[in-house]
Amino acid sequence: MAKKKTLKQQDFQKKKLKVGKPKQAASNATDTSFTARMISLPNQPKIKTPGLSNNTSDNGSQRMEADILKRLSLCKHHSATTRKETLVYFKQAVPKIINTKCITPMLNSCLPLICDDDAQVRNALLELFDEIGQHDQNVLRLHSRALVLFINSGMTHIVPAVQRDSGKFLKCAVRYCGDELVRNSWVKMLKGLFGVLGWAVDVSRTNNSVSMGVKSASVVSMNSAKAKRAQKVNLETLLDFVQCGCIEPTPDATLESQQAPSAFDKYIIPNVPQPFQHLKLFVKELKNEKAGKGSKLDELANVSLQDYPARREVLVEHFLEPMLQNTSSLIADGGDSGKVANSLQDTLHTIKQLHES
Amino acid sequence: MVRKSRAAILPTNVILLQNLVKRDPQSYREEFLQQYSHYESLRDIFMLSAMENQSADDSNTTQFVELVGFVSQVCSCFPEETANFPNELKQLVLEYHRSLPFEVREKIISSLTMLRNKGVISAETLIQTMFPLLVAYSSHSNALGTNSHAKEVRKLVYNTLISLLKSCNTGAKNQKLNRSTQAICFNLLDQPDSQGVWAARLTRELWRRGIWDDSRAVEIMTQAALHDDVKIAYSGVLFFLGADKEREENFEENSDDEDIDMDALRHKMQINKKSSKRGKKLDSALKAVKKKKAGPKTPQGYLNFSAIHLLRDPQGFADKLFTKQLSSKSNNRFDLDQKIALMQLLSRLIGTHKLMVLGFYSFFLKYLTPKQRDVTKILAAAAQASHDLIPPETIMVLVRKIADEFVSDGVASEVAAAGLNTIREICSRAPLAIDETLLQDLTEYKGSKAKGVSMAAKSLIALYREAAPEMLKRKDRGKVASMDIQESNREGGESKRPKFGVENNVQGIAGIELLAKWQKDNENAEAEDEDNDDNWEIDEDHVEDEDEEDEGEWVTVESDKEYDVDMGESDGEDKEKDESEDGAQKEKALDPESAFKELATSRVLTPADFAKLEELRTEQGVARLMGVRNEETVDSDRLVGPLKHRKSTKEERLASIMEGREGREKFGSRKKNRDQQRSTTNREKERKKNYVMMIHKRSVKGKQKMSLRDRQKVLRQHITKQKKKGH
């Protein structure tokens with residue numbers, strides 16, 4: 001017993017430090033050292049800190065940039081609140097950093113949040129995009145390709161809420177960089193919107209299957225208030241998108257007079273960030289060996305349509321029929337979405353006339 | 001209830017949707033299309049991020065992985081819509097594998113495998129995808145990223161390839177696929193860098209499993225063995241040395257898995273209570289047995305040809321192997337073990353096919369010193385490489401060198417024994433490789449005090465008593481040999497001493513005269529037995545029949561319709577035998593030619609006959625002289641001879657020590673047990689508890705106060721319990 005007691009007491013005695021000898025390790029110390037050729041932290045990207053100069057003029061914006069870069073990883077934070085707050089912070093910072101180079105990494109890490117599960121985060125992101133668009137449209141234009149990809153990914157998302165909200169993003173995008181969108185991804189976006197609205201693109205092909213061309217999810221949740229609201233927003237988006245893509249803006253008389261003949265246009269600096277995007281010089285796409293076999297619509301999916309008549313032709317050929325059908329049934333239902341559907345139908349009729357003329 | 005039914009039709013995750021789509025593809029077409037376009041958008045995102053060298057999002061990765069799995073699972077339901085899907089996967093993994101995360105790569109590879117299994121893509125397509133990956137991720141290709149997981153990918157791809165080829169070759173062989181794969185292997189070996197190592201590894205593995213067993217596979221390994229790269233060449237050499245053994249071992253392992261006794265199982269089913277579990281057990285056993293029976297006896301139907309026998313051009317291969325790898329100036333790149341393996345392979349080739357690589361024997365001279373590391377292996381190779389078609393002068397140099405270096409009074413007895421044994425092995429293959437004086441010198445060692453040496457010398461004498469007794473000293477010749485010599489001297493015939501170039505090969509079947517003789521003896525004995533039987537039978541029946549049979553042929557009794565046909569034949573033979581027996585005295589010494597004619601024309605030799613023939617030949621000691629042992633490998637360990645006190649290695653010593661410690665835990669240290677972290681059990685606590693604390697407890701006191709009857713009861717219970725425990 002006595003031995004045990006002394007042993008116990010030893011635990012609580014303070015070890016005497018000796019000169020020239022290292023501090024003795026505790027008996028329960030865990031060895032955490034390890035050897036590795038390389039340690040990789042994939043979700044912590046290297047931060048290229050801008051050299052902190054003492055210049056008083058740059059100091060503020062540079063610190064801001066560094067701060068933004070530090071906060072980028074918070075976009076992947078597990079807590080939805082943190083993500084939202086990060087986006088809100090970004091939004092506040094937008095006026096200061098809009099013309100700096102840190103806007104690209106910021107957008108790159110923000111874009112995936114279009115498919116975020118949390119509604120608040122998506123709303124904050126929408127506000128952020130809005131803010132960016134208000135300050136400089138060209139930023140969104142520059143990133144239009146990535147934007148389209150993520151919006152499309154949201155449109156086909158399996159969670160209905162994400163799917164419904166993707167219309168909002170598209171609406172925002174159409175507002176600021178509509179021209180790029182309709183040029184480069186006319187068919188893709190239309191198909192996506194059809195999917196969101198629950199409409200079938202080609203009714204004729206589905207008759208060999210049992211399905212009604214309508215998703216079961218959209219049938220079940222058709223009558224909820226949320227769905228109704230979202231339907232209205234999405235219809236508006238579709239209306240905006242179709243108008244932007246098919247109806248030429250009425251040329252301003254004063255502007256016309258100022259503008260030089262069209263040949264002159266080619267020799268001045270273009271006013272869009274990527275004027276030759278449609279050539280797809282720096283884009284890789286997978287080859288489709290069986291290109292001939294698919295339907296015409298599949299072929300068009302990656303083709304950029306540069307002018308209004310071409311877009312109108314595609315619209316009239318593939319999308320007009322189902323759109324008219326669905327809008328007429330929506331008008332019959334009435335309500336807010338009925339009104340929007342009505343104006344959409346009017347637009348479609350004008351487009352048809354334009355196409356025929 | 002409402003919620004539940006809703007959940008059943010509303011797919012909220014991909015797995016659920018997959019289940020629904022599989023059950024009813026037509027109804028869930030729209031959902032599938034949505035997910036397919038989601039896959040497409042994610043794929044584009046991945047490609048974009050690959051272009052810009054960013055790491056893709058984690059959530060995106062998991063989603064993408066999920067979707068790739070989903071689409072490949074259900075794409076057989078929608079062949080039109082997903083026509084391009086496999087092609088896309090292929091392009092993705094081939095062109096973007098550097099920038100894709102490991103999970104995605106892994107998933108794509110497994111999905112492609114699944115698509116192959118479902119028959120969506122052909123096996124050729126899969127192989128065309130896998131080989132570039134294998135090459136890209138082999139360790140020598142540079143510029144792999146930090147998180148490339150090269151090792152895992154390599155392993156995955158390699159296993160995929162093996163299982164693909166295995167599944168394609170079960171049942172009938174898919175020759176077309178094998179050919180194309182082998183063509184890829186040839187191409188890999190043609191390339192100067194070390195990617196050919198994969199061809200070698202793959203071929204070896206497939207050979208081991210008996211999937212490839214044709215000469216094309218062997219040809220691949222021939223190219224590998226002649227490759228410039230050391231690693232590839234060595235793997236090729238090892239293939240020829242060891243692959244067949246590996247294959248045999250592999251099949252032995254497979255074959256001796258548990259044998260199910262069906263009768264016992266059935267019996268158990270009748271006796272025991274029937275339950276569904278037992279029924280299932282019987283079913284599965286039945287299945288296993290059926291499968292075993294259905295499969296070919298030799299798996300994959302392979303014929304037991306060793307790789308060396310399947311060589312297309314053994315002489316050319318051996319020449320190239322010697323000039324290019326072993327004796328060229330650049331042979332420094334091989335270390336000693338590899339050189340020895342090369343020597344072993346070459347000598348085995350030469351021995352098996354009786355090839356001529358004359359430079360090989362002088363090459364050995366450099367290595368034949370007692371101090372040389374692993375010299376027994378080299379000695380064995382030297383012995384293996386000699387055969388009777390090589391000019392004796394060439395081998396004589398070798399024998400002289402061995403005799404000089406190894407067999408003298410100054411060296412250790414093991415060395416001398418090894419040298420003598422090697423010379424014996426060489427001379428058993430090429431009896432002319434030694435001259436008379438040297439042989440007689442060497443035989444003097446029969447009186448050595450070291451057992452190994454004297455045994456080796458005596459075996460040399462025994463060999464030459466049969467091969468060329470004239471070369472031995474008179475007293476060593478032995479009774480039979482010296483009598484033969486005397487006889488031939490008397491008759492004035494030429495001596496039977498072997499000569500170079502005079503082939504002693506046989507027409508027909510070697511040793512058939514022995515079989516004929518043996519059979520004759522046996523048949524005589526049998527015939528006597530038969531006669532006896534007949535006598536017995538006949539005695540029982542009628543005595544008259546016996547007379548008739550003895551007298552002549554006209555035995556056919558018409559009333560006896562069911563007369564055995566065999567009996568008639570044996571009667572005929574009996575007659576023949578009677579005739580031949582008369583002549584047997586004259587031609588007692590059958591010459592092989594006539595024996596062959598007689599036997600081979602009269603009947604078909606059965607495997608049992610051949611077995612007997614082999615037995616008889618070994619009895620005669622002919623087999624050794626015929627050079628049959630050429631194909632046998634010379635065991636390098638046996639060359640040293642028997643060792644009484646061999647120094648054991650450390651492992652053996654340790655093993656013997658550990659053996660002595662078995663079952664003595666009580667006396668050993670408990671050091672190991674102390675490390676096991678655990679708390680004391682309740683029983684331990686109970687046992688260690690202070691005696692004074694326990695003595696006043698009721699449970700203890702109560703025992704003392706128990707009545708005699710109760711005490712008896714408890715005791716009895718205790719006894720039965722202990723008995724049940726088995727104490």
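Trainee: Which residues touch the most other members of the largest nonpolar core?

Mentor: This is a predicted model, so read each feature as a prediction. The largest nonpolar core has 193 residues. A173(A), M221(B), L346(B) and L420(B) touch the most other members.

Trainee: Which helix gives this core its largest share?

Mentor: Helix α8 of chain A, residues 160–184. Ten residues of the core come from there.

Trainee: Now helix packing. How are two packed helices described?

Mentor: Two numbers do the work: the angle between the axes and the distance between the axes. Take helix α7 (residues 144–155) and helix α9 (residues 186–197), both of chain A. They pack at an angle of about 25°. Their axes are 9 Å apart. Angles under 35 degrees count as roughly parallel, so α7(A) is roughly parallel to α9(A).

Trainee: Is the crossing of α7(A) and α9(A) left-handed or right-handed?

Mentor: α7(A) passes α9(A) in a left-handed crossing.

Trainee: Which residues meet there?

Mentor: From α7(A) come V148(A), N152(A) and M155(A). From α9(A) come K188(A), G192(A), G195(A) and V196(A). The residues of this contact divide into three nonpolar, three polar and one charged.

Trainee: Where is D374(B), and what is its phi?

Mentor: D374(B) lies in the loop between α17 and α18 (375–384) of chain B. Phi of D374(B) is near 55°, again a positive value in a residue other than glycine.

Trainee: Why do K354(B) and D374(B) count as partly exposed?

Mentor: Count C-beta atoms within 10 Å: 20 or more means buried, 12 or fewer means exposed. K354(B) has 16 others, so K354(B) is partly exposed. D374(B) has 14 such neighbours, so D374(B) also counts as partly exposed.

Trainee: How many helices and strands are in chain B?

Mentor: Chain B has 35 helices and zero strands. Of its 727 residues, 28% are buried.

Trainee: What share of contacts in chain B join residues at least 24 apart?

Mentor: Start with contacts between residues at least 6 apart in sequence. Among these, 71% join residues at least 24 apart.

Conventions
Residues are numbered from 1 along each chain as its sequence is written. Chains are lettered from A and ligands numbered from 1 in the order in which they are written. This is a predicted model: local features need pLDDT of at least 70, side-chain atom pairs count only at pLDDT 80 or more; totals for chains, interfaces and linings use all residues. Axes are lines fitted to C-alpha atoms, for helices over the stretch in contact, and angles run from 0 to 180 degrees between N-to-C directions. Helices (H or I, at least four residues) and strands (E, at least two) are DSSP runs, numbered from the N terminus. Angles under 35 degrees count as roughly parallel, over 145 as roughly antiparallel, 65 to 115 as roughly perpendicular and the rest as oblique. A crossing is left-handed if the near helix is turned anticlockwise from the far one by less than a right angle, and right-handed if clockwise. Two residues are in contact if their C-beta atoms, placed from the backbone, lie within 7 Å. Ala, Val, Leu, Ile, Met, Phe, Trp, Tyr, Cys and Pro count as nonpolar, Asp, Glu, Lys and Arg as charged, and the others, Gly among them, as polar. A nonpolar core is a set of buried Ala, Val, Leu, Ile, Met, Phe, Trp, Tyr and Cys residues joined through C-beta atoms within 7 Å.
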